[in-house]
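Let's take a walk through this fold together, one contact at a time. Have your viewer ready, and follow along as the text moves from helices to rings to loops.

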Amino acid sequence: MGEALLRTALYDEHVALDGKMIPFAGYEMPVHYEEGITAEHRRVRESAGIFDASHMGEFEIRGPQALDLVQYLTVSNVNNLVPGQAQYSALCKEDGGIIDDLLVYRFAEHVMLVVNASNRRKDLAWVRDKAAVFEVEVIDRSDDTALLALQGPRAGEILQPLTRTDLEAIPYYRFTSGAVGGVDAVISRTGYTGEDGFELYVPAADAVGVWRSVLEVGSPLGLGPAGLGARDSLRLEMGYALYGNDLDEEHTPLESSLGWIVKLDAGEFVGRGALVAQKSQGVPNRLVGLRLAERGFPRPGYDVTANGRKVGAVTSGTVSPCLGLGIAMARVESAYGSPEAPLQIQIRGKAIPATVERPPFYKGGSVRR
């Protein structure tokens, strides 16, 4: 028998709200609630939704060489961060393959890494192994931390009555410490949906109270709970990559439309040599966005063809609730990564024409950049 599934501190809340629970990254998580994925998706676009993201991992790096370690581990330049600033980055192997994508939070006295739940153990072992030669302490805060993501154009209006923190003063990819509903929290503004919103890192023991307080204030304004299904369709409309689908250890950031986070001039980091060589030689394949020209549901694993020959495969796909058409992320041969490429996605024996499009597919989001 496999390992028993874990539950977040909000498990009973999801069940009480008729959440359909499924296995995800070792946890029992809600894929949707009573109204379904499409209704939750639209709610986030039009008003707001609240997600339980407590399955994510949080590592605290402390010590005089905390920044040095994170600089060595990640492909971006953390030395440019000021306290209160967050950064999207990646951990890579020596050959440039992506171990995980993550968020880096720089506090005044430490650094926090927020990693994907499915990679938490692997990432922690990797970080601790590399930390052995640095003067740092690596603390796994994952089990003690709950993460609530409030997303949507009315997120600020909903959250402000619960905190004295001036939410308008938190720019995109910044964070601060403050109380939410009387509970100490880290309040950040990063997001994964294309909408304005806030992430609340709170003690797991206090998660239920914060969850209920936010829903109580927000329900009259259209707020409702949202599950993994809506989270996936929302991020796909933005073209945001998902580890395990679009990102993996077999491909580098340069092959995965993440070249913008790679700072080769920021000093030595794990995988830099391989990425320097690949940038010089060119990438053999790339991750692209595809928009279907006809009706169809592009699913992961479906072949992408050109002139009858397979040139790639879909890594993530859905029918966009807002656009009403099929959209996908796909890994294709580099020669077919331009909008002029004559591509098709093979769906149930039919070749559906598809056009390479630079995300976001949905351009009406309220996110503040």
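The axes of helix H2 (residues 37–46) and helix H7 come within 8 Å of each other, crossing at roughly 55 degrees. That angle makes H2 oblique to H7, and the handedness of the crossing is right-handed. On the H2 side, the contact is built from Ile37, Glu40, His41, Val44 and Arg45, while H7 brings Gly229, Ala230, Ser233, Leu234, Glu237 and Met238. A word of caution before going further: this is a predicted model.

An α-helix has 3.6 residues a turn, so residues three or four places apart point the same way.

How enclosed is H7 by the rest of the structure? Of its 11 residues, 10 are buried, so H7 is largely enclosed by the rest of the structure. The buried set is Leu228, Gly229, Ala230, Arg231, Ser233, Leu234, Arg235, Leu236, Glu237 and Met238. After the helix comes Gly239, which has a positive phi near 75 degrees.

H2 has its own buried residues: Glu40, His41, Arg43, Val44 and Arg45. The cover over them includes H7, together with strand E2 (27–32), strand E3 (48–52), strand E9 (145–151) and strand E13 (223–225).

Leu234 lies in helix H7 (residues 228–238), and its relative accessibility of 0% makes it count as buried. Leaving aside residues up to four places away in sequence, Leu234 touches His41, Val44, Arg45, Phe51 and Thr193. For a sense of scale, Leu234 and Asn285 are 51 residues apart in sequence, and their C-alpha atoms are 25 Å apart in space.

**A second crossing**

Now turn to helix H3 (residues 66–73) and helix H4 (residues 120–131). Their axes come within 10 Å and cross at roughly 120 degrees, and H3 and H4 are therefore oblique to each other. This crossing is right-handed. The residues that meet are Leu69, Tyr72 and Leu73 from H3 and Trp126, Val127, Lys130 and Ala131 from H4.

Lys130 lies over the face of Trp126, 4.6 Å from the ring centre. Elsewhere, the charged end of Arg7 sits over the ring of Tyr11, at 3.9 Å from its centre.

**Rings that meet**

A pair of aromatic rings is described by the distance of the centres and the angle of the planes. Counting rings whose centres lie within 6.5 Å, the model has 7 aromatic pairs. One of these is Tyr105 with Tyr201, an edge-to-face pair with 5.5 Å from centre to centre and 80 degrees between the planes. Tyr105 belongs to strand E6 (residues 98–106) and Tyr201 to strand E12 (residues 197–203), so the pair ties together parts that are 96 residues apart in sequence. Both tyrosines, Tyr105 and Tyr201, are buried. With Phe107 and Phe175, Tyr105 and Tyr201 form one aromatic cluster.

Thr190 is placed in the loop between strand E11 (183–188) and E12, and with 6% relative accessibility it counts as buried.

**Loops and backbone details**

Which loop holds Gly324? Gly324 lies between strand E16 (309–319) and strand E17 (326–333). A relative accessible area of 60% makes Gly324 exposed. Its C-alpha is separated by 9.0 Å from that of Arg295, 29 residues away along the chain.

The backbone deserves a look too. Ala25 has a positive phi of about 55 degrees although it is not a glycine. Ala25 is found in the loop between strand E1 (20–24) and E2, and counts as partly exposed at 29% relative accessibility. Ser257 is also not a glycine, and its phi is positive, near 60 degrees. Ser257 lies in the loop between H7 and helix H8 (272–281), where its 41% relative accessibility makes it count as partly exposed.

Finally, find the peptide bond from Pro359 to Pro360, which is cis with omega near 10 degrees. Pro360 lies in the segment after strand E19 (350–356).

Note on methods
Residues are numbered from 1 along each chain as its sequence is written. This is a predicted model: local features need pLDDT of at least 70, side-chain atom pairs count only at pLDDT 80 or more; totals for chains, interfaces and linings use all residues. Side-chain values use heavy atoms; hydrogens and water are left out. Rings of Phe, Tyr and Trp (its six-membered ring) pair if their centres lie within 6.5 Å; planes under 30 degrees apart count as stacked, over 60 as edge-to-face and the rest as tilted. Helices (H or I, at least four residues) and strands (E, at least two) are DSSP runs, numbered from the N terminus. Buried means under 20% relative accessible area, exposed over 50%, partly exposed in between (1.4 Å probe, protein chains only). A charge sits over a ring if NZ of Lys or CZ of Arg is within 6 Å of the ring centre and within 35 degrees of the ring normal. Contact means heavy atoms within 4.5 Å. Axes are lines fitted to C-alpha atoms, for helices over the stretch in contact, and angles run from 0 to 180 degrees between N-to-C directions. Angles under 35 degrees count as roughly parallel, over 145 as roughly antiparallel, 65 to 115 as roughly perpendicular and the rest as oblique. A crossing is left-handed if the near helix is turned anticlockwise from the far one by less than a right angle, and right-handed if clockwise.
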